[in-house]
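Here is a short report on a ligand site.

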Amino acid sequence: MTIILESLAEDRWVAPRAALVEIPSALDGRVVAAASSHGLDFAAIARHARQVGGPSLRRLTFHERADLLKRLATYLNERKEALYELAFETGATRRDSALDIDGGIGTLFSYASRGRKELPAERFIIDGVTERLSKRGSFVGTHVLTSLNGVAVHVNAYNFPCWGLLEKLAPSVLAGAPVIAKPATPTAYVAHALAKMIVDSNVLPPGSFQFVGGGLGDLLDHLAGQDVLSFTGSIETSERLRNHPAVSRYAVRFIAERDSLNAAVLGPDVVAGAAEFDLFVNEVAQEMTVKAGQKCTAIRRVLAPRSQADSVCAALEARLSKVVVGDPRREDVAMGPLVGLSQRETVREKINEICAEAEVVFGDPTRCEPVGGDAARGAFLSPVLLRCNDPVRSARPHTTEAFGPVSTVMPYEDLNQAIDLARRGEGSLVASVFTYDPAVATELTFGIAAYHGRLVHVDRDCASESTGHGPVLPGLVHGGPGRAGGGEELGGLRALAHYMQRTAIQASPARLAALTKA
Ligand code: NAP
């Protein structure tokens with residue numbers, strides 16, 4: 001049965017009437033859903049968010065909004081099994097979906113808890129200290145953050161239909177911003193099921209959550225200076241949205257999370273047999289195969305001392321040869337298909353591009369024999385390990401993102417070169433460092449920190465509790481400079497600042513105290 005995706009516009013579910021786009025199953029190409037936003041009145045949707053959703057959220061204190069998030073998270077947590085079932089069609093294994101579904105619900109819980117514990121029972125935040133502005137002290141100033149009066153438009157990528165929607169929703173709602181969520185079409189049926197649950201929960205006030213199944217239509221034409229556009233996806237789409245006339249003219253707040261050529265660096269002190277060597281190999285293999293490598297934080301560039309490159313390749317080949325690719329419903333399967341045949345085609349093209357400067361050392365990009373899967377019609381792809389022997393004079397392994405189970409091993413000569421190579425991702429979400437030498441750890445950290453949103457050190461002391469390279473945590477920065485988009489979508493309560501205005505208030509101490517109840 002084909003699921004026809006409805007949109008939630010002005011608090012009513014609206015079925016699409018024309019221009020339906022079919023959405024195929026990743027498993028066998030069967031049409032599982034169809035979507036279209038044709039005919040939606042996007043001006044009215046934006047108006048509804050501003051006139052109904054915004055005021056109803058802004059009436060509440062942070063604590064009351066945090067309570068909404070907690071109630072919503074609890075509601076979803078009790079019903080998540082239906083999302084898991086649907087997500088199999090996207091190619092996700094149960095383990096993949098845990099990141100997406102439980103990860104998203106966990107982010108709601110996290111923001112709920114922080115909102116209660118770390119924010120005041122108020123509608124504004126005092127930001128920083130009071131500045132003395134006069135000789136006698138009768139005139140002072142401070143900063144306050146108040147909710148913007150617009151709408152937050154959330155445009156998501158296909159790889160995390162639940163987490164993507166919820167991790168943007170949590171800081172928005174806590175900040176008092178009504179949301180219009182637009183999922184990526186290839187997995188929109190999972191986001192649609194989630195949106196139905198959000199509405200059925202009756203937790204969020206009217207107008208505070210709307211959902212677009214299908215394209216964005218002319219929604220961006222209706223944005224203005226109190227609005228926020230938060231985007232996750234490719235650089236190309238990001239550029240298009242950032243340069244939209246309304247977005248640039250009205251300085252619409254724009255948050256972008258996009259391509260990232262994340263690196264893992266094996267320290268020059270580490271040799272085969274050392275604990276950090278095994279941890280490094282495990283992490284790379286894991287990052288290549290979780291969600292079939294369709295993860296913005298996946299390790300794409302594997303930097304190892306030249307003396308260890310052969311051992312690293314051999315160990316990775318041994319690990320990857322044990323990865324069972326196939327029907328994600330099966331317990332013995334570690335990796336499902338990519339989300340669709342067109343995405344697989346794109347990944348194969350990118351592998352070919354990288355192969356102008358690298359060679360395949362494991363996996364055949366053109367062949368895969370899935371266990372229990374439909375090899376002909378499913379979007380299955382073997383993990384593919386590449387090796388680029390001259391990463392200094394090569395460009396593509398540093399700048400071409402194959403958004404699938406693909407990584408490139410690159411040997412480096414010394415620590416300075418490792419730092420130089422890591423920086424050549426032109427800005428990434430995350431890098432991980434595997435060393436037990438404090439001097440190496442320090443050099444690497446301060447050599448590459450400016451190019452990364454997050455750095456993960458993994459060694460024998462923390463490995464058993466480490467959350468690893470890939471997983472994004474609500475309390476820490478998710479975002480990165482340059483190629484990664486320059487955004488900072490998560491990072492504890494600082495993420496609320498995207499949806500709030502920072503205003504300097506100058507007044508007498510008495511007036512300021514009365515205003516801020518300090
Ligand atoms: P995409 O093709 O750029 O699409 C992203 C979103 O933009 C989708 O919702 C898409 O909707 C929408 N979109 C596309 N063209 C648009 C337009 N002209 N106007 C308005 N909206 C438009 O990216 P994707 O294929 O979904 O995701 C893969 C990419 O995302 C990879 O490059 C990956 O690196 C990146 N990614 C980054 C992060 C991060 O946090 N940094 C996370 C995940 C993924 P439709 O699907 O309806 O076209």
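H7 contributes the most to the shell around the ligand, three residues. Helix H7 (235-242) and strand S11 (228-232) each supply at least two shell residues. Helices (H or I, at least four residues) and strands (E, at least two) are DSSP runs, numbered from the N terminus.

The model is predicted: local features need pLDDT of at least 70, side-chain atom pairs count only at pLDDT 80 or more, and totals for chains, interfaces and linings use all residues. Residues are numbered from 1 along each chain as its sequence is written, and side-chain values use heavy atoms, leaving out hydrogens and water.

Around the ligand are 26 residues (a heavy atom within 4 Å). Asn156, Thr185, Ser234, Thr237 and Glu401 come nearest. Domain 1 (3-257 + 488-516) and domain 2 (262-474) each give the shell at least three residues; the bounds come from an automatic or database domain assignment.

Polar contacts here are pairs of N or O atoms within 3.5 Å.

| Residue | Protein atom | Distance |
|---|---|---|
| Thr237 | side-chain N or O | 2.7 Å |
| Glu401 | polar side-chain atom | 2.8 Å |
| Tyr158 | polar backbone atom | 3.1 Å |

The protein covers 80% of the ligand's own 900 Å² of accessible area (Shrake-Rupley, 1.4 Å probe).

Definitions and conventions:
A polar contact is a pair of N or O atoms within 3.5 Å; within protein, one must be able to donate a hydrogen and the other to accept it, and residues adjacent in sequence count only if both atoms are side-chain atoms.
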